Amino acid sequence: MSIPLQAFPQALVWLPADHRLLGKEGQQTPFLVLGDKYARAVKQCAGAQPVLFPLADAGQIPALLGLVDGVMLTGSASNVHPSHFDEKVLDAALPLDPQRDALTLALVRACQACGVPLLGICRGFQEINVALGGSLEQSVHDREGRFDHRDPEGVSLDEAYGPAHEVRFVPGSAFAGWAGAETAQVNSLHGQGIARLASGLRALGHSPDGLIEAFEIEGAATFAYAVQWHPEWNCQDNPFYRAILAAFGQACQRRHASRTRQQGAPAA
């Protein structure tokens, strides 16, 4: 028996879980983790309800996408495994999450095929690029001419998530509209970044060192954008960040209204 969609007046947004070992050394156990800040951003700034399918696998994606109105691919402490863009691991000390990769790379392609609103943040930004055939720089700060985009050590969270550098947007792009200008200050907390942009993606924002910071999926039927920075952090207090999430939420709500009509119930 299906649950009527009118029981959920808010759009539902799927956020993937991270797979981590937590606990004392020698006594670590597996956990499925979702950052609180991402769930709160969906609730508070996108106006939607975050949902989690903790043990979802790629084979379940078609059925699960039919239950939700959008997908947010979150940031994470882990990196996309470089085997997905035909490279070896350069730094074995950096965390990886192959179980997440197995889900999210397939999820990107499914969202694109099914017209499901998609927002990628940090790792999610990188996942979209890799899923569609792009590659990553495994250590941006070691590349000549690049900034060190990692967050500084030994500072408060507010300092770590504070403005770090400028991003310049393509004139007339969605990001220029959300920012209300062709440039904006953003935070920066990543060690990896885009090397080769996937075919079908259009870069819409660059940092001063030339690194791609924002893109869209060209020709997407609905919202399909991603950013390298973290707009989820205190989004309610940052008009630019809030505008990005609000636009994503509006796209999700339109899908929710359409699905509600198809089920024969009045839209909320």
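Modeller: In helix α1 (residues 36–44), the buried residues are K37, Y38, A39, A41 and V42. Buried here means under 20% relative accessible area, with exposed over 50% and partly exposed in between, using a 1.4 Å probe and protein chains only. Helices (H or I, at least four residues) and strands (E, at least two) are DSSP runs numbered from the N terminus. This is a predicted model, in which local features need pLDDT of at least 70, side-chain atom pairs count only at pLDDT 80 or more, and totals for chains, interfaces and linings use all residues. Residues are numbered from 1 along each chain as its sequence is written, and side-chain values use heavy atoms, with hydrogens and water left out.

The buried residues of α1 pack against the strands β1 (12–14), β4 (49–51), β5 (70–73) and β6 (118–121), and against helix α7 (239–262), where contact means heavy atoms within 4.5 Å.

The structure holds one disulfide, defined as a pair of cysteine sulfur atoms within 2.5 Å. C45 and C235 form this disulfide, with their sulfur atoms 2.1 Å apart. The torsion about their S-S bond is about 100 degrees, so the disulfide is right-handed. Because C45 lies in the loop between α1 and β4, and C235 in the loop between β13 (224–227) and α7, the pair ties together parts 190 residues apart in sequence. Both C45 and C235 are buried.

C111, by contrast, is in no disulfide; the nearest cysteine sulfur, that of C114, is 7.6 Å away. At 3% relative accessibility, C111 counts as buried. C122 is in no disulfide either, and the nearest cysteine sulfur, that of C235, is 16 Å away. C122 has 7% relative accessibility and therefore counts as buried.
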